[in-house]
Structure formats: C-alpha cells, structure tokens
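I am opening a notebook on a structure that is new to me. I will write down what I looked up, entry by entry.

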Amino acid sequence: MILKLNQNGQIKEAEVMITYAQMNEEVQKVASFVRTVGTTIRCKSDGKEMYIAAADIYYFESVDKKSFVYGEKDVYQTELRLYELEEQLGSMGFVRINKACILNLEVLHSIRPLPSSRLEATLKNGEKLFVSRKYLGAIKSILQRGSEL
C-alpha cells in the first residue's frame, strides 16, 4: 500500500481518497477506520465527562436501561441508547449482535458456532460475546461480504 500526503492551504477540510484496483479486506479496513476518525462518544466515568474515540470502542451494552461503553480495558457509561448508537455508528463497522449489545467488527478476533444456532465472538482482548439467533443472519451476511472482497 502506498501512502501519499499532500498539504494544500487552499482547502478548508481534509479529503481522503482511496484509489484501488479491487475492493479487498485491507481497503475496507482503511475506509472503515477513516470513517471513525473524529467520531467520538460522550461518556462518563467516576463522575468525569469524557469523549471516547469510536475506533477505541470494543462494544456497547445495555444493562438495566443504562448504556455502557467498553474499551479494551475500561468501561464507561453513556446517555445514548443502543438504537441511537446503532444509527450513528452503523456505517462505521458497528453491528448489533444481540438485543443488548453492539459490536465493533474491527476488534473481532474470531467467531465460532455454538449449539442452539448461536455464535461466540472472541474479541482482540480475549473477551467473549454471544451473537443471538435473531441477529445471526445480519452477522453472517456481513462476514461473508467481507470474505468475498
């Protein structure tokens, strides 16, 4: 992959153009990462308000009508609901895997089938999440599309 950077004082906003011969996983990952740059989620932790970059988020989980943001090691709380997060981040590689969880596909390490038509997703940090039957079709479609690129 060749990276070219071009400074132009005449433009107001940075433009990223990806030129490729054929769409593949590498190009898709670069495009997904570029989309997440600058996207942050407002969170709270220990009474402090902070903004977490979307690229640093592993998954979101809803527990007792509260939404939590999970990073590699840390957990935060956000006031946003899962449906709002899904709408905001759906085009950036985040996908609903069960009623209470949205996963960042960029941190997916492996996936394996389980009895009862479910999947177990293992993340890069070793954490395991379950993909329910209801969302299985969407996940399979995304994973197959990624493998065809």
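**Salt bridges.** I searched the whole structure, which is a predicted model, and found four salt bridges. In one of them, the side chains of arginine 42 and glutamate 79 meet at 3.4 Å, N to O. I noted where the partners sit: arginine 42 is in strand S1 and glutamate 79 is in the loop between S5 and H2, 37 residues apart. Glutamate 79 also forms a salt bridge with lysine 44, again 3.4 Å, N to O. Lysine 44 lies in strand S1, 35 residues from glutamate 79.

I then looked up accessibility. Glutamate 79 is exposed, with a relative accessible area of 57%. Arginine 42, at 39%, counts as partly exposed, and lysine 44, at 41%, counts as partly exposed too.

I turned next to glutamate 86 and arginine 96, whose side chains form a salt bridge of 3.1 Å, N to O. Glutamate 86 belongs to helix H2 and arginine 96 to strand S6, so this pair ties together parts that are ten residues apart in sequence. Glutamate 86 is partly exposed at 31%, whereas arginine 96 is buried at 12%, under the 20% cut-off. To finish the topic, I recorded that shared partners join Arg42, Lys44 and Glu79 into one network.

**Aromatic pairs.** How many aromatic pairs does the structure hold? I found two. Tyrosine 59 is in strand S3 (residues 59-63) and tyrosine 70 in strand S4, so the pair ties together parts eleven residues apart in sequence. Both tyrosine 59 and tyrosine 70 are buried.

For phenylalanine 60 and phenylalanine 94 I have centres 5.8 Å apart and planes at 45°, so this pair is tilted. Phenylalanine 60 is in strand S3 and phenylalanine 94 in strand S6, 34 residues apart. Phenylalanine 60 and phenylalanine 94 are both buried.

I also checked for a charge over a ring. The charged end of arginine 118 sits over the ring of phenylalanine 130, 4.8 Å from its centre.

**Nonpolar cores.** The largest nonpolar core has 17 residues, and among those touching the most other members are Tyr59, Ile97, Leu103 and Leu123. I listed the elements that give two or more residues to this core, including strand S4 (66-70), strand S9 (118-123) and helix H3 (133-148). S9 gives the largest share, three residues. A second, separate core has 14 residues, including Cys43, Ile52, Val69 and Leu82.

I went back to tyrosine 59 for its contacts. Beyond its neighbours within four places in sequence, tyrosine 59 is in contact with residues including Phe68, Tyr70, Ile102, Glu127 and Leu129.

**Helix H2.** Which residues of helix H2 are buried? I found Leu82, Leu85 and Leu89. These cover an arc of only 60° around the axis, which puts them on the same side of H2. What covers them includes S1, S3, S4, strand S5 (75-78), S6 and S7.

**Threonine 39.** My last entry is on threonine 39, in the loop between helix H1 (25-36) and strand S1 (40-45). Threonine 39 is buried, with a relative accessible area of 13%. Not counting residues up to four places away in sequence, threonine 39 touches Ile52, Ala53, Ala54, Gln88, Leu89 and Met92.

Conventions
Residues are numbered from 1 along each chain as its sequence is written. This is a predicted model: local features need pLDDT of at least 70, side-chain atom pairs count only at pLDDT 80 or more; totals for chains, interfaces and linings use all residues. Side-chain values use heavy atoms; hydrogens and water are left out. A nonpolar core is a set of buried Ala, Val, Leu, Ile, Met, Phe, Trp, Tyr and Cys residues joined through side-chain atoms within 4.5 Å. Buried means under 20% relative accessible area, exposed over 50%, partly exposed in between (1.4 Å probe, protein chains only). Helices (H or I, at least four residues) and strands (E, at least two) are DSSP runs, numbered from the N terminus. Contact means heavy atoms within 4.5 Å. Rings of Phe, Tyr and Trp (its six-membered ring) pair if their centres lie within 6.5 Å; planes under 30 degrees apart count as stacked, over 60 as edge-to-face and the rest as tilted. A charge sits over a ring if NZ of Lys or CZ of Arg is within 6 Å of the ring centre and within 35 degrees of the ring normal. The arc is that of the directions from the helix axis to the C-beta atoms.
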